[in-house]
Amino acid sequence: MDGPIELLPSRPGVTRRSALSLIVAAPALAGCANVQSAISNFSTYLPGQDPTAPAPAGPPQASTSLGTGSIKAGLILPLSGAGNAPAIAQSMRNAAELALAEFQNPNIQLLVKDDGGSAQGAQQAAQQAIDEGAEIILGPLYGVAVPGAAQVARGRNISVIAFSTDSSVAGRGVYLLSFLPESDVSRIVDYAVSIGKRSFAAMIRDNAYGNVVEAAFKQVAARRGARIVVSERYGSDRSQLQNAARNVAQALPQADALFLPEDGEAIGGVIEALTTAGANLRGVQLFGTGLWDHPRVYANAALQGGLYAAPDPAGYRSFAGRYRTKYGQEPVRASTHAYDAVALVAALAKTQGGQRFSPDVLQNASGFAGIDGLFRFRPDGTNERGLAVMRVGSGGGQVASAAPRSFV
């Protein structure tokens, strides 16, 4: 296969991208509950963070199905989880239903199962779906639940496409269709080097998301021959933030770029701490991850012109508009993953014969083109995404470097 399988909207009025090697007449393919304090925003952002799963709340919801096709797939969601998990799950279920409708009712039946946000619930849900004939499992959403579903699926040589952004739960036959922080870091550091930035400073929150980001940052910087002048971690204590800001401010004259992978709610405090410490932020290029896709980032004068990696927003805007038309409300950002997963299953069922959900098919090196651009699954279960580089402006993010149209 020479190019990615492009899963395209068949609805009138939805713009189709230029044809690649294999075009499937289907909707475009295109992250989760608020994170507990130890994993700040490790889930709400589209390039995804993975929450610590909430404890189950309330009785499990009864199994339902979407579609009437002969090829069955399990869709496992935390429909009865605690907190806002049910709202997220319902939005993802709606997105799955929308994909079926826009694919013009393919030969697919989705067996919708509730895992309550737990590993045990996911194990039971996967077992039920497989017993009912599921050839592939979509979900779970929470990282803590994925191993439960994976244990059952692996025993039957059935692939899992989960929505977690905790890369530690990926593995043989368990693929993550989500936005992994590593992809953000790789894209933005590569771009920074390409525009001549060679000496980096960084301030990174001391939490699970920060651990992933820091490791990726050091790896990509080393690969690109960039120098890390200073990299400071900080926790929730204000004194830690101030100490980190002072250390970065002192070293900043030696750097030409400053990496601040903080979320939109907290980035203002980081900027304030740096300014108070005497940092000259106008003298360096600021850059971050997709967590910057936030109104408070766009409203912060100090961040104007800053750069971050994220999917081109055009695909999501189109999807969200169609979702609003059908359901009368806004989708949660994670719902695109459910839509993409169903569109992918439908496309592979239509074109790939009896090996449709095998590792060889799912690991197609050319990848797939979805709502949020290109993606492909790696053999280790993680994914690679084709992201854009966005520039912070007062009215929102503006494309500074377009997302790739194919994997080189």
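Q: Does isoleucine 158 count as buried or exposed, and at what relative accessibility?
A: Keep in mind that this is a predicted model. Burial is read from relative accessible area, with under 20% taken as buried. Isoleucine 158 has 13% relative accessibility, so it counts as buried. Its position is in the loop between α3 (146-155) and β7 (159-162).

Q: Which residues is isoleucine 158 in contact with, leaving aside its neighbours within four places in sequence?
A: The contacts of isoleucine 158 are Ile130, Ala134, Glu135, Ile136, Ile137, Ala153 and Gly173.

Q: Where does serine 80 lie, and how many residues in sequence set it apart from proline 60?
A: Serine 80 is in the loop between β4 and α1. In sequence, serine 80 and proline 60 are 20 residues apart, and their C-alpha atoms are 5.6 Å apart in space. Serine 80 counts as buried because its relative accessibility is 8%.

Q: What is there to read in the backbone at asparagine 157?
A: Asparagine 157 has a positive phi, about 55°, although it is not a glycine. This residue, asparagine 157, is in the loop between α3 and β7. With a relative accessible area of 72%, asparagine 157 is exposed.

Q: What kind of peptide bond joins glycine 139 and proline 140?
A: The angle to look at is omega. Between glycine 139 and proline 140 omega is about 0°, and the bond is cis. Proline 140 belongs to the loop between β6 and α3.

Q: How is a pair of packed helices described?
A: Two values are used: the angle between the axes and the distance between the axes. Here, take helix α1 (residues 85-102) and helix α9 (residues 313-327): their axes come within 11 Å and cross at roughly 95°. Helix α1 is therefore roughly perpendicular to α9.

Q: Which residues of α1 and α9 meet?
A: From α1 come Ser91, Asn94, Ala95, Glu97, Leu98 and Glu102, and they meet Phe319, Arg322, Tyr323, Lys326 and Tyr327 of α9. By residue class, the contact of α1 with α9 has 5 nonpolar, 2 polar and 4 charged residues.

Q: Which residues touch the most other members in the largest nonpolar core?
A: A core can be read by its members and by the elements that supply them. The largest nonpolar core has 50 residues, and those touching the most other members are Leu110, Leu138, Phe163 and Phe377. Elements that each supply at least two residues of this core include β4 (71-77), α1, β5 (108-114), β6 (134-138) and α9. The most comes from α10, with 10 residues.

Q: Which residues is leucine 110 in contact with, leaving aside its neighbours within four places in sequence?
A: For leucine 110 the contacts are Thr64, Ser65, Leu66, Ala73, Ala96, Leu100, Leu138 and Val342. There is also a second, separate core of 32 residues, with Tyr234, Ala249, Leu286 and Leu303 among them.

Q: How many salt bridges does the structure hold?
A: The structure holds 15. Aspartate 190 and arginine 224 pair through their side chains at 3.2 Å, N to O. This pair links distant parts of the chain, 34 residues apart: aspartate 190 is in helix α4 (residues 181-194), and arginine 224 is in the loop between α5 (208-223) and β10 (227-234). Arginine 224 has 32% relative accessibility, so it counts as partly exposed.

Q: Where do glutamate 214 and lysine 218 lie?
A: Both are in helix α5, 4 residues apart, which is about one turn of the helix. Glutamate 214 counts as buried at 15% relative accessibility, whereas lysine 218 counts as partly exposed at 44%. A network of salt bridges links Asp206, Glu214, Lys218 and Arg233.

Q: Are arginine 333 and aspartate 372 buried or exposed?
A: Both arginine 333 and aspartate 372 are buried. The side chains of arginine 333 and aspartate 372 meet in a salt bridge of 2.7 Å, N to O. Distant parts of the chain are linked by this pair, 39 residues apart, with arginine 333 in the loop between α9 and α10 and aspartate 372 in the loop between β14 (368-370) and β15.

Technical notes
Residues numbered from 1 in each chain as written. Predicted model: local features only at pLDDT ≥ 70, side-chain atom pairs only at ≥ 80, totals over all residues. Heavy atoms only, no water. Axes fitted to C-alpha atoms, helices over the stretch in contact; angles between N-to-C directions. Parallel < 35°, antiparallel > 145°, perpendicular 65-115°, else oblique. Contact = heavy atoms within 4.5 Å. Nonpolar A, V, L, I, M, F, W, Y, C, P; charged D, E, K, R; others polar. Core = buried A, V, L, I, M, F, W, Y, C linked by side-chain atoms within 4.5 Å. Buried < 20%, exposed > 50% of the residue type's maximum accessible area, 1.4 Å probe, protein only. Salt bridge = Lys/Arg side-chain N within 4 Å of Asp/Glu carboxyl O.
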